Amino acid sequence: MEVVVIGAGAVGMLVASFLNEKFRVTLVVRREEQACKINQNGLTRINIDQTTSKTNPIATTKLQVPEKAVVLVALKYGQLHEVYPFLKEMNNETPILFLQNGLSHYEEALHLPQEHLAFSSCQFGAQKENDTTVVHRGIGTLKLAVERGSKDTFVLFIDINQERFPVEYMKDAEQMLFDKALLNSFINPLTAILNVKNGFLVENASTLQLLEQMYEELKSAFPLEMNQFTFEEVKKLCKKTAQNTSSMLADISNQRITEVDTIVGAIIKKASMKGHQLPILKTLYSLVKALEERSEKM
Ligand SMILES: NC(=O)C1=CN([C@@H]2O[C@H](COP(=O)(O)OP(=O)(O)OC[C@H]3O[C@@H](n4cnc5c(N)ncnc54)[C@H](OP(=O)(O)O)[C@@H]3O)[C@@H](O)[C@H]2O)C=CC1
Ligand SMILES: CC(C)(CO)C(=O)C(=O)O
């Protein structure tokens with residue numbers, strides 16, 4: 001089986017490096033410079049135990065997918081619109097797996113013509129060190145839910161090292177994405193605003209209290225949806241990815257537009273449709289927007 005990973009950022013490089021231990025992997029990158037570096041030096045993954053693993057995917061800037069390949073989309077939400085036209089024209093039998101956080105891409109992806117479509121919720125931490133090196137910053141499950149088509153098409157992760165890269169198959173893609181957007185709403189805005197790593201949020205008494213208050217606020221807006229969602233899960237993810245720079249903090253630090261709309265904005269919208277206001281989350285949303293605006297002016 002061949003795998004094509006579109007996007008060689010933190011998640012794309014980490015996932016490609018694990019999959020390349022078993023399959024032929026092509027990484028579609030945006031910059032020629034990154035393609036050359038990966039083709040010359042390979043891809044290096046720094047594992048949690050500080051050991052390194054080297055693989056040799058093929059890197060290219062050409063968006064091409066061979067027959068019988070599975071396509072993984074590892075772009076940020078805001079970058080998806082650049083590849084939708086290509087995905088639409090691709091063979092209908094080519095399976096696509098989306099790896100984004102947030103909710104907005106769910107409905108959009110459903111309009112694609114492909115017969116096999118899946119979504120995932122990545123609970124690991126990944127950080128891009130440079131164009132050829134990715135740091136695994138927290139072992140966490142990659143949850144995968146097949147939205148349509150056959151589950152067998154997406155068994156590609158099954159033989160990957162389960163200790164370092166656990167995978168869990170989920171039934172309901174929309175619920176899975178919603179749960180992850182909730183988790184990200186706790187972690188991402190606060191880490192971006194305070195410029196701290198994920199672990200800080202549960203080590204600091206004031207941020208821990210704020211997380212608890214956010215949990216109560218969200219629970220009163222989504223009592224049924226959060227039936228199985230405990231505060232322990234939030235703490236667990238902060239601890240598991242303690243050393244990670246959240247993707248939102250990485251965006252703010254690099255003066256890029258964040259995914260706050262598809263994550264926090266989408267949760268606020270859902271709550272408001274049910275007649276609930278989320279004052280704490282709305283404040284965090286505005287603060288992240290303020291940081292984005294400040295970057296634009298710099
Ligand atoms: N980082 C993390 O720990 C986690 C991230 N996620 C989610 O995973 C998704 C990806 O995030 P992450 O990997 O951190 O993001 P990054 O910004 O690190 O990676 C995005 C990559 O996409 C590349 N890119 C942009 N446009 C194109 C294009 N048209 N064709 C090919 N490549 C392109 C960028 O290239 P260039 O470098 O040239 O700009 C960049 O390397 C997000 O939705 C995020 O929320 C989920 C869990 C954990
Ligand atoms: C899992 C977590 C919180 C890791 O930082 C993440 O999803 C992100 O950074 O966007």
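I start with a term: domain bounds here come from an automatic or database domain assignment. I keep in mind that this is a predicted model, where local features need pLDDT of at least 70, side-chain atom pairs count only at pLDDT 80 or more, and totals for chains, interfaces and linings use all residues. Residues are numbered from 1 along each chain as its sequence is written, while chains are lettered from A and ligands numbered from 1 in the order in which they are written.

*Entry 1, the ligand.* Why does ligand 1 lie between domain 1 and domain 2? I found that domain 1 (2-171) and domain 2 (180-293) both give residues to its shell, so ligand 1 lies between them. I counted 28 residues around ligand 1, with G7, G9, V11, Q100 and N101 the closest (a residue is near if its C-beta atom, placed from the backbone, lies within 6 Å). Helix α1 gives the most, three residues (helices are DSSP runs of H or I, at least four residues, and strands are runs of E, at least two, numbered from the N terminus).

*Entry 3, its neighbours.* I see β7 (residues 96-98) joined to β8 by three bridges, in parallel (strands pair if DSSP finds at least two bridges between them). F98 has F119 as its bridge partner. Six bridges join β8 to β11 (residues 142-148), antiparallel this time, and C122 stands opposite L142 there.
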